[in-house]
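User: I have a protein model open and want to learn how to read its features. Can we go through them one at a time?

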Amino acid sequence: MAAPGDGEGRRRAPFGTRFLADPARLFQHNAWDHVEWTEEQEAAARRKVQENSVQFVPPDQQEAYEVNANQYWDEFYKTHENGFFKDRHWLFTEFPELAPNQNVSQDAKPISEDSGAAQQSKTSGPGGCGGTGPGLLEETGASEHLSDSQTSSSRLRTQVETASRNLDAVKLNEDFPGSSASYRILEVGCGAGNTVFPILQTNNDPSLFVYCCDFSSRAVDLVKAHPEYDVSRCFAFVHDLCDTRVPFPVPDESLDVVVLIFVLSALLPEKTQSVIHRLSRLLKPGGMILLRDYGRYDLAQLRFKKGQCLGENFYVRGDGTRVYFFMQGELDVLFSTAGLEKVQNLVDRRLQVNRGKQVTMYRVWIQCKYRKPLRLRRDQETHS
């Protein structure tokens, strides 16, 4: 969001490059990147979490939140429709895998995620199996550049993946939506389409096909009603990630990318591992899961009150939706257990600023990329 007094011709500094070296400049920008916390600040955050976790929601109510999760999703989208989030243009800076053949600007409008959440921190956003959940102002990017050796390795993988991709049409002989495409992306928890449509707008590769699903039928209806929804390039469907009885509309090893933007935090924690296993099976060898989600001690966690805690670092919002706050190590274990290789796992500590109200907000998000190993590597290891 443009700050008061900012002219359209004034070039804003790209996110990921704004470092607060001089405290006197605190309110010069809307956000500062990679902010280091003091020991006192982290200790205060731990105390706050201990305070809001002393009283758990009764078990019968916790069960009701799980059973009725889809109702909370539908109510959210009935209320907000497609007006809650802004389109996530920052995704292409952080996750170039979404448009691998496009030249995306490094300062591609990484703005605050939602238009109304700053005033709705206590109840903003749904959480439930198979969807995303906003809280306060969500996220912008957290750029991390690969080293030269990583870049060289990445190029080699790309060459192998490109060569093997030509065989996919032969291997996938089932008739399913997007079966003729050679590059396939699935977004889980698509909401009203604030990730899907920027992808379709930015990635004009004719071989691209995008799938998107949500726990809420209202959300999927909003995507399908969007003027840019094109069945020749996109397929939206209702899906509950936690229901293993219902298959995905694509076969195993058919996807290049799976996108999880504030999705895993909305799941019942004990179901997260099985969900990642399900999604990893959909990836082609060399395919990748891209994630951004809530980190431990994020402002959203610190603002919960006593009586809203469902379990360790797991809470219910005022609207009945739920959210979990991760540590890096937890996510690494989850993805590694599913057989995926770490490409990126970083903590983005962001200081957001409301210059009008002179208020500061410390945000903590985690950003990950995990890749399914290439068959070539497994074959080499088998015969070595």
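User: How many disulfides does a search of the whole structure find?

Analyst: Keep in mind that this is a predicted model. The test is a distance: two cysteine sulfur atoms must lie within 2.5 Å. The search of the whole structure finds 0 disulfides. Take Cys212: the nearest cysteine sulfur is that of Cys234, 4.1 Å away, and Cys212 is in no disulfide.

User: Is Cys212 buried or exposed?

Analyst: Buried means under 20% relative accessible area. Cys212 has 0% relative accessibility, so it counts as buried. Cys368 also has 0%, and therefore counts as buried too.

User: What share of the residues of the protein chain count as buried?

Analyst: The figure is 52% of the 384 residues. The accessible surface of the chain comes to about 17,600 Å². Carbon and sulfur atoms hold 49% of that surface.

User: How many helices and strands does the protein chain have?

Analyst: There are 12 helices and 11 strands. Contacts tell you how the chain comes together. Look at contacts between residues at least 6 apart in sequence: 77% of them join residues at least 24 apart.

User: On to charges. How many salt bridges does the count come to?

Analyst: Check the distance from a Lys or Arg side-chain nitrogen to an Asp or Glu carboxyl oxygen; the cut-off is 4 Å. The count comes to 10. One of them joins the side chains of Lys271 and Glu66, at 2.7 Å from N to O. Lys271 sits in the loop between E5 and H9, and Glu66 in helix H2 (residues 59–67), so the pair ties together parts 205 residues apart in sequence.

User: Which residues are linked with Lys271 in a network of salt bridges?

Analyst: Glu66 and Arg322 are linked with Lys271 in that network. Arg322 lies in strand E9 (residues 322–324). The side chain of Arg322 makes a polar contact with the side chain of Glu66, at 2.7 Å. Compare the accessibilities. Arg322 is buried, with a relative accessible area of 1%. Glu66 counts as buried at 17%. Lys271 is partly exposed, at 27%.

User: Which residue forms a salt bridge with Asp256?

Analyst: Lys284 does, with the closest N and O atoms 2.9 Å apart. Asp256 is in strand E5 and Lys284 in strand E6, so read this as a link between distant parts of the chain, 28 residues apart. Both partners are buried.

User: What about Asp348: which residue does its side chain meet in a salt bridge?

Analyst: The partner is Arg350, at 2.7 Å from N to O. Asp348 is buried, and Arg350 is buried as well.

Notes. Residues numbered from 1 in each chain as written. Predicted model: local features only at pLDDT ≥ 70, side-chain atom pairs only at ≥ 80, totals over all residues. Heavy atoms only, no water. Helix = DSSP H or I, 4+ residues; strand = E, 2+ residues; numbered from the N terminus. Buried < 20%, exposed > 50% of the residue type's maximum accessible area, 1.4 Å probe, protein only. Contact = heavy atoms within 4.5 Å. Areas by Shrake-Rupley, 256 points an atom, 1.4 Å probe, with all protein chains shown as cover. Polar contact = N/O pair within 3.5 Å; in protein donor to acceptor, adjacent residues only side chain to side chain.
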